[in-house]
Amino acid sequence: MAPFVELADVTFGYNASRTILSGITLAVPRGKLVAVMGGSGCGKTTVLRLICGQHKPSLGEVRVGGRSVAAMNREELQAHRRRLGMLFQFGALFTDMTVFDNIAFPMREHTALPEPVIHDMVLMKLNAVGLRGTAELKPSELSGGMARRVALARSIALDPELVLYDEPFAGLDPISLSVVGQLIRKLNDALGMTSILVTHDIQESLKIVDYIYFISEGRVVAEGTPEAIRASSDPFVRQFVDGEIDGPVRFHYPAPPLAAQFGAPVGARH
Amino acid sequence: MALDALANVFVRLGTASRKGITRLGFAMRFLTAVVSHSGTALTRPRLVVREVYFGGVLSLVIVGISGLFIGMVLALQGYETLVRFGASESMGVLVALSLVRELGPVVTGLLFASRAGSAVTAEIGLMKTTEQLAAMEVMAVDPIARVVAPRFWAGVISMPLLAAIFSMLGIYGGFVVGVPLLGIDAGAFWGQMQAAVDWRHDVLNGVIKSVVFAVAVSLIAVFEGYDCTPTAEGVSAATTRTVVTSAIAILALDFVLTVFMFRGGV
């Protein structure tokens, strides 16, 4: 069976001089929760932006449900986006609206449902993330973890087929982190969605996902199920799983030799 | 050496001009996009009304107070000069024409840019910085139609109304100083004003000016917000640019409009 989301040999850069992704290939089967992992700035979020059609690949193809996202016209792209939900890194809740209105927003924009129906649906979504009691609060009155859960409720407001999570665990305390992780897993299974989780939180991801892709320097450098990743002897995977400071991912950003920058004569050792 | 310095000055001037023209081009394309995406704002007037409240109604106090005081000062300063020529009865004309033709649209434009324009830029800029605009886009909701166009049209609607209120209160301020305080005859104050202020030539031209300024200020405010660098520094710079560019645009446009409207006139 063809995967639901597929990146086939995708190359992308925000400008010609800096390539973010170079020939990346990954596949996400329908109904699965897949993590895309890697260090900061390795192009993880770019993968999500390509899937929701905010950018077009320079080379290769991004396919969702068998259709190329880059080949979609404006109407098709809007229809594609209505079928997906995205959780942004810091929630991206609309700060001038209440929690209730935030979740009702996609329903009011895309459906002609009467207000009493929207009311009940919003409360159901809030109940699913355990925050029914916050409906009348403003996003500024929520903690980071609560804001992330509200954003999660908003991203599933229209029961999407595909949900994209951009760093859902960033900046959360261990309890909130675990709550958000469990919610992502449960919602994926209960609503029959397909989910792609972009994160660098290896421990939480190993607990909840079905499959993991590791990206480094714009390429997939390792992949496998959580069990295979735990057992892997690949140096990159080991460095990531064990949190080692130096390894295939260098601690130092490329720079001239230290002595040269300190002005020491060439060849001097002290 | 001196030649190099001179060449550098020309290079900088050239670069700055090229950048300025490119940016103006972007702003014009943005205006086209805003106008062509105004369907949502027109079919859902609530979106515009909400912004009229935030931009217009909440600016009423500052605009009203400024209008009142400017009218009062105009009356005091005008009296000083008019009384020398024995024409103090014409104070109503002086106050009304100054306000309706110039000060109403111009000062309201400057106040609106500082009070509401900067707020719109900061709001849209922060929405961009906190990914709220990107979230809308991913939800298949066009941020230009949903966020930018209502704010633009709210500015275009509010500012001429605020300018009218400014002029009205300014005239009342002039009356308060001129008639009870300086002892000018009330009949002469209002009568001469009625006779000298022409509906089309003065009032309508003033309204046209305020509409032109409203379009300019609203466009600058939404464009700077939408186009800002999504960082705290970027939003701050964009907010400053809105106030500065709006002020320059209002004064330059005022000169151009005045040349066409009032050359050789009264």
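**Labels and the values behind them**

Analyst: Helix 3 (residues 99-110) of chain A has the highest mean pLDDT among the elements of chain A, 94, while helix 9 (residues 235-242) of chain A has the lowest, 79. The model is predicted.

User: What is the mean pLDDT of chain A, and what share of its residues reach 70 or more?

Analyst: The mean is 87. The share of residues at 70 or more is 94%. Where pLDDT is low, the coordinates should not be read in detail.

User: Why are helix 9 and helix 10 of chain B called roughly antiparallel?

Analyst: Helix 9 (residues 199-227) and helix 10 (residues 232-262) of chain B pack at about 155°. Angles over 145 degrees count as roughly antiparallel. Helix 9 of chain B and helix 10 of chain B therefore get that label. Their axes lie 9 Å apart.

User: Which hand does the crossing have, left or right?

Analyst: The crossing of helix 9 of chain B with helix 10 of chain B is right-handed.

User: Which residues meet there?

Analyst: Helix 9 of chain B brings residues including B:Val212, B:Phe213, B:Ala216 and B:Ile220. Helix 10 of chain B brings, among them, B:Thr245, B:Ala249, B:Ile250 and B:Leu253. The contact of these two helices divides into 12 nonpolar, five polar and four charged residues.

User: What elements does chain B have?

Analyst: Chain B has 10 helices and zero strands. From the N terminus on, its elements run α-α-α-α-α-α-α-α-α-α. Its C-alpha atoms fill a box of roughly 65 × 60 × 30 Å along the principal axes.

User: How is chain A divided into domains?

Analyst: Domain 1 of chain A takes 1-83 + 163-172 + 192-243, and domain 2 of chain A takes 91-159. Their centres, over C-alpha atoms, are separated by 26 Å.

User: How do you know that the two domains touch?

Analyst: Residues count as in contact when their C-beta atoms lie within 7 Å. By that test, domain 1 of chain A gives five residues and domain 2 of chain A gives seven. The domain 1 side divides into three nonpolar, one polar and one charged.

Key. Residues numbered from 1 in each chain as written. Chains lettered and ligands numbered in written order. Predicted model: local features only at pLDDT ≥ 70, side-chain atom pairs only at ≥ 80, totals over all residues. Axes fitted to C-alpha atoms, helices over the stretch in contact; angles between N-to-C directions. Helix = DSSP H or I, 4+ residues; strand = E, 2+ residues; numbered from the N terminus. Parallel < 35°, antiparallel > 145°, perpendicular 65-115°, else oblique. Left-handed = near helix turned anticlockwise from the far one by under 90°. Nonpolar A, V, L, I, M, F, W, Y, C, P; charged D, E, K, R; others polar. Domains from an automatic or database assignment. pLDDT = per-residue confidence, 0-100.
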